[in-house]
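Subject: Structure handover

Hello,

Here is the structure I promised to pass on. Please open it alongside this note. My findings follow below.

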Amino acid sequence: MRLLHRKQFPTSKDISGCAISGMMSETGTPMSGEAIIRSIANMHDRSNGLGGGFAAYGIYPEMRDRYALHVMYDAMDDKQETERIISRWCTVYGDETIPTRPSALVRHRPILHRYFVNIKPEVMERFCDETEDDAIVDLVMTINADVQGGFVFSSGKNMGVFKGVGFPEDIGEFYRLDEYQAYIWTSHGRFPTNTTGWWGGAHPFSLLDWSVVHNGEISSYGINKRYLDNFGYKCTLHTDTEVIAYLFDLLVRKHRLPFEAACMAMAPPFWPQLERLPEVRRELARTLRIVYGGALLNGPFSVLVGHAGGMVGFNDRTKLRPMVGARKGDMVYMASEEGAIREVCNDPEVVWHAAGGVPIMAHLKEPEKVIGPEATARLKAHSCRLPAGAWQEAPRAGRAAASVQ
Amino acid sequence: MSKRLVQAEFNVERDPERCIQCQVCVRQCSNQVHAYDAESDQVTCDEASCVGCQRCATLCPTNALTIKKAPPEFAPDNNWTSDVIQNIYRQAETGGVLLSAMGNDTAKVSWWDNILLNASQVTNPSIDPLREPMELTTFLGAKPNAVELNFDDQGGPSLATKLAPQLVLSTPIMFSAMSYGAISYNAFESLARAAGQYGTFANSGEGGLHKDFWPHGPNMIVQVASGRFGVDIDYLKVAAAVEIKIGQGAKPGIGGHLPGEKVDERISQTRMIPVGSDAISPAPHHDIYSIEDLRQLIYSLKEATRYQKPISVKIAAVHNVAAIASGIVRAGADIVAIDGYKGGTGAAPTMIRNNVGIPIEFALAAVDDRLRQEGIRNQASVVACGGFRSSADVVKAIALGADAVYIGTAALVALGCHLCQKCYTGKCNWGIATQDPYLTRRLNPEIGARRLVNLLRGWSHEIKEMMGGMGINAIESLRGNREHLRGVGLSDRELSILGIKAAGE
């Protein structure tokens, strides 16, 4: 029998339809994973049991300034090989088996282990102006490319991804997510149409603090991949989702674009819409579109991107995939279907359908209090946040989004 | 004089039942195939002079004429074909170089036909361009790696990046370089007008820009070639962009020659040479013997145009085209135009046209790959040219990595060219590749422009349909998107150079 956790990098682009749901407390109030499991379970029919997963932020407060590597192994040999690499690169502050609850509904599990690490100072000397984050990216890519039966599926700080083959609610139970406390949860139920599921191929796809859950197919994948190649990103997983994660990393972390501008680059207004912007914005939007043509995501998608400071939801510019937003108090919800939100939030103050291409954003209001000074400094270095009202969107088709700044 | 060994290549069949001796054919044929004998009240013909341009057959009011290819029936031989034998006869007669015009006409020249396009089914909805926006707007010019923003002002971020000059095209198709001299005044005007009407660009070629055409400047790319014909500051100022012509796909490595008999008063003004003198473009630019020399010319032109116009460099697709293109981008070009070996010409030695250079398909794929590997793809736009026959060829080229294409032959065909490949004789019966006022009058620039605009519109519609089928609604998502291409009947090596998968993969 084929092991479903064995690395199965698809040879062609992975196509899948899906369910996504996310929730965030902007004040950073911890929530257990029980609610997000209920929310994603509400959309059971949008997945087919070939993949489910979750990302949670704020779950490792005692280790919040270490990178948490979640790794899946086929066999103990792979674990030893991977650990040799990790110990060469990193100081390991702790490691343990990822706790799981045996379940009849989740079969063929890999060995799941996590490590809390920092890159050793002497390893950093090998790099030029790269940061520790860049070194972690290098480490993750090295293990994933070189170790036959080892796969790092989460590598951020104070966050973690939990995913596997099965329905998302069963995967959530399996990982005992009700025992974790997070201020952001995102989740995904997968309906792949051209690959059998493997544990690593489930969503979220994650690199550093970025986690991406995604519903849809990117018809521009071929050029997005080659565009990223121009900047040194190697897309090996053949998934659209990987491309989206790297684009966020490039545009937001490396090019220092605010999320609004990054989303505009990836889902730009049509030229006539763009022409209707006030002049100063028009020039900006036009330049973004001209320069980031290779980053334009075409085809139907809705996507939720989690990061240490918040959550961004956006969909394609013609809105060919569903995305609903809702708010209640300090809580922000985004999901494929409104029912998934109402399942966990009785009477939201506002519910709206996201306009095509216009991001819905949720931010930690006081990140220092929630994630600490070191992580806040890193957050500021990673992403640039605009003050409320500082961004004017292009007039888009569809219902205007209620302002969620 | 003994009879020639070279035999007629066409049969002229005249149906005596239909012929009314109106003599339209006599007046139309500049090759003097038809003649009227008043005594017998008969139109006769000399088939040996027929080039097969179909002008007489098209205009014959009673459809009495049929022009048929009549390859001389030598003993059957797959190696020593009639073309080969006839060519040797010709050279044995004259001791000259065999001349050809238009693009390579040999049997295996197009790889576009081995590449197939994708369409969406179920998992990704196809888009109907008649109902939904479908964007072809294309920007040619250097793009920075990243957009930088200023955050200091109150009203939100403002732009810190200043974009290099860009050409804005409403469709990713431009008209190739065809000089006034090679083509007629009216043909040139048709192209310039059509470019303006459709929101794209025509290329002046290397023969200068007559003052009459200066109003078309905003839609003209002007060339600076090795002959420097017609180049002065006004020429550079009036244009939208300047192109340094290094080479041409039909004749890589050799120069050009406009015979003195074509240099009339108007062409002499345009080219800035005396009436009746030969206009000779040397094979190399005599001030460019290296990539650093090219850089000097690029920057001289940028200085002269105050950095307000994109500078393009056009090269023929030759064996190490990728490395050359990389050098050109690093030398500061905003646009690199690559002309493949199917590219047309007004005159080229046949052996060079048919045997030198490489197909645009491979050249384009190699250049796009190389520029991406070096992380400099965004520093210049890539324009492909050389034998684009249809919108499908254009879509495939863009998916392989071109920002836009130049069309030359297709544009001339839209103007009435019948591809008789005799441009160099100056006797074009369609009024396109001639300076004889009796012939050039046959092309009305207003009608010509309308036909060209129709062609651009038709192709653009088809491009939109093909993009919509792929689930793509912006041309930038098609550009370089080789996932939407599959090869049939190609070797592994060809597939790997093209960077595409085989059908079924």
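Which domains does the domain assignment give for chain B? There are two entries: domain 1, residues 10-96, and domain 2, residues 138-502. Please bear in mind that this is a predicted model.

**The domains of chain B**

The C-alpha centres of domain 1 and domain 2 of chain B are 35 Å apart. The two domains touch. Domain 1 of chain B puts nine residues into the contact, and domain 2 of chain B puts in seven. On the domain 1 side, five residues are polar, three are nonpolar and one is charged.

**The core**

The largest nonpolar core holds 277 residues. Val321(B), Val336(B), Ile338(B), Val383(B) and Val405(B) have the most contacts inside it. Domain 1 (10-96) and domain 2 (138-502) of chain B both contribute residues to this core, so the core lies between them.

Take Val321(B) as an example. Leaving aside residues up to four places away in sequence, Val321(B) touches Ile315(B), Ile338(B), Ile358(B), Ala363(B), Ala366(B) and Val367(B).

**Where chain A meets chain B**

Chain A brings 40 residues to the contact, and chain B brings 38. On the chain A side, the elements that give two or more residues are α6 (221-230) and α10 (279-291). The largest share comes from α10(A), with seven residues. By class, the chain A side has 20 nonpolar, 15 polar and five charged residues.

**Strand β15 of chain A**

This strand covers residues 324-328 of chain A. Is β15(A) largely enclosed or largely open? Four of its five residues are buried, so β15(A) is largely enclosed by the rest of the structure.

β15(A) pairs with two strands that I looked at:

- β16(A), residues 331-335, pairs with β15(A) in the antiparallel sense over five bridges.
- β17(A), residues 350-353, also runs antiparallel to β15(A), and four bridges join them.

Best wishes

Notes
Residues numbered from 1 in each chain as written. Chains lettered and ligands numbered in written order. Predicted model: local features only at pLDDT ≥ 70, side-chain atom pairs only at ≥ 80, totals over all residues. Buried ≥ 20, exposed ≤ 12 C-beta atoms within 10 Å, placed from the backbone. Pairing = 2+ DSSP bridges. Core = buried A, V, L, I, M, F, W, Y, C linked by C-beta atoms within 7 Å. Domains from an automatic or database assignment. Nonpolar A, V, L, I, M, F, W, Y, C, P; charged D, E, K, R; others polar.
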